[in-house]
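Please keep the sequence and the coordinates open while reading.

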Amino acid sequence: MSASDDIPTTIDGTLENVKHKYRISRVNRLVRNHSVLSAAMGAVPMPPLAMGLILANNLTMLKRLSSVYNVKFRKDIGKAVISSFLGGCGTVSISGRVIWGLSTAIPVAAPVISIVTTPIIGAATTYAIGHLFIQHFESGGTFLNFDPEKVKGHYAELFAQGKEELAKE
């Protein structure tokens with residue numbers, strides 16, 4: 001039994017359309033589940049450990065997405081991409097600066113702020129990365145031709161959308 005055997009067919013012969021809708025539903029569910037998991041991991045009270053768990057969760061998500069799209073998974077490229085978004089796009093570095101600034105002024109505030117912001121950042125980052133790769137793989141892309149610099153603006157939009165989605169949960 002192959003993976004396509006469990007995909008329903010329609011009488012009017014729109015099998016490709018049904019396969020596409022099924023795949024999109026599957027990958028959206030996968031990204032949602034990993035986003036929720038990242039939020040839970042972000043609640044770990046040790047921020048470096050929390051970020052490591054979120055990174056590992058994102059790598060697992062990318063591996064699963066690449067499997068759905070039959071794209072060879074590249075752990076090295078996956079790590080580099082995730083790290084560029086976690087650090088280079090400013091979400092974690094801005095949060096880190098805010099936490100550091102408040103911790104020097106009010107030492108008790110840093111852990112509280114970290115426990116509140118890290119789950120949000122983790123979930124929104126996972127959501128954005130997941131949806132960027134869905135779009136990239138849908139257009140025939142691979143890990144080798146993914147360019148984080150070209151999608152930073154779109155990443156920021158998806159990051160904001162991810163925060164909104166988290167608020168609905």
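A salt bridge here is a side-chain nitrogen of Lys or Arg within 4 Å of a carboxyl oxygen of Asp or Glu. The model is predicted, and a search of the whole structure finds 4 salt bridges under that criterion. One of them joins the side chains of Glu-16 and Lys-19, with an N to O distance of 3.8 Å.

**Overall architecture**

- The secondary structure of the protein chain consists of 6 helices and 0 strands, and the order of elements from the N terminus on is therefore α-α-α-α-α-α.
- Of the 169 residues in the protein chain, 38% are buried, where buried stands for a relative accessible area under 20%.

**Salt bridges**

- Glu-16 and Lys-19 are 3 residues apart in helix 1, so that about one helical turn separates them.
- Within this pair, Glu-16 counts as exposed because its relative accessibility is 56%, while Lys-19, with a relative accessible area of 25%, is partly exposed.
- Arg-23 forms a salt bridge with Glu-138, and the closest N and O atoms of this pair are 2.9 Å apart.
- Because Arg-23 lies in helix 1 and Glu-138 in helix 5, this pair ties together parts that are 115 residues apart in sequence.
- Another salt bridge is formed by Arg-74 with Asp-76, for which the closest N and O atoms are 2.9 Å apart.
- Arg-74 has a relative accessible area of 26% and is partly exposed, and Asp-76, with a relative accessible area of 46%, is likewise partly exposed.

**The second largest pocket**

- The second largest pocket holds about 190 Å³ of space.
- Its lining consists of Asn-28, Arg-32, Ser-35, Val-36, Ala-123, Ala-124, Tyr-127, His-131, Gly-162, Glu-165, Leu-166 and Glu-169.
- At least two residues of this lining come from each of helix 1 (15–42), helix 5 (109–138) and helix 6 (152–168).
- By residue class, the lining of the second largest pocket divides into 5 nonpolar, 4 polar and 3 charged residues.

- Met-46, Leu-49 and Leu-53 make a nonpolar surface patch of about 260 Å².
- Leu-49 has its place in helix 2, which covers residues 47–68, and Leu-49 is partly exposed, with a relative accessible area of 40%.
- Gly-52 is also found in helix 2, where Gly-52 is partly exposed, with a relative accessible area of 36%.
- Between Gly-52 and Met-41, which are 11 residues apart in sequence, the C-alpha to C-alpha distance in space is 9.1 Å.

**A backbone angle in a loop**

- Most residues other than glycine have a negative phi.
- Against that background, the phi of Asn-70 is near 55°, a positive value in a residue other than glycine.
- Asn-70 is found in the loop between helix 2 and helix 3, and the residue is exposed, with a relative accessible area of 73%.

**Pairs that are apart in sequence**

- Thr-126 has its place in helix 5 and, with a relative accessible area of 0%, is buried.
- The C-alpha atoms of Thr-126 and Leu-55 are separated by 8.9 Å, although the two residues are 71 residues apart along the chain.
- Ala-80 has its place in helix 3, which covers residues 75–88, and Ala-80 is partly exposed, with a relative accessible area of 46%.
- Ala-80 and Pro-148 are 68 residues apart in sequence, and their C-alpha to C-alpha distance in space is 9.4 Å.

Terms used:
Residues are numbered from 1 along each chain as its sequence is written. This is a predicted model: local features need pLDDT of at least 70, side-chain atom pairs count only at pLDDT 80 or more; totals for chains, interfaces and linings use all residues. Side-chain values use heavy atoms; hydrogens and water are left out. Helices (H or I, at least four residues) and strands (E, at least two) are DSSP runs, numbered from the N terminus. Buried means under 20% relative accessible area, exposed over 50%, partly exposed in between (1.4 Å probe, protein chains only). On a 1 Å grid over the protein atoms alone, a cavity is a set of points where a 1.4 Å probe fits but cannot get out, and a pocket is an open set with protein on both sides within 12 Å along at least five of seven lines; lining residues have an atom within 4 Å of a point. Grid points are joined across faces, edges and corners, and a volume is the space filled by probe spheres set on the points. Ala, Val, Leu, Ile, Met, Phe, Trp, Tyr, Cys and Pro count as nonpolar, Asp, Glu, Lys and Arg as charged, and the others, Gly among them, as polar. Patches are made of residues with over 30% relative accessible area and no salt bridge: like charges are joined within 9 Å, nonpolar side chains (Val, Leu, Ile, Met, Phe, Trp, Tyr) within 5 Å. Accessible areas come from the Shrake-Rupley method with a 1.4 Å probe; for residues, only the protein chains shown count as cover.
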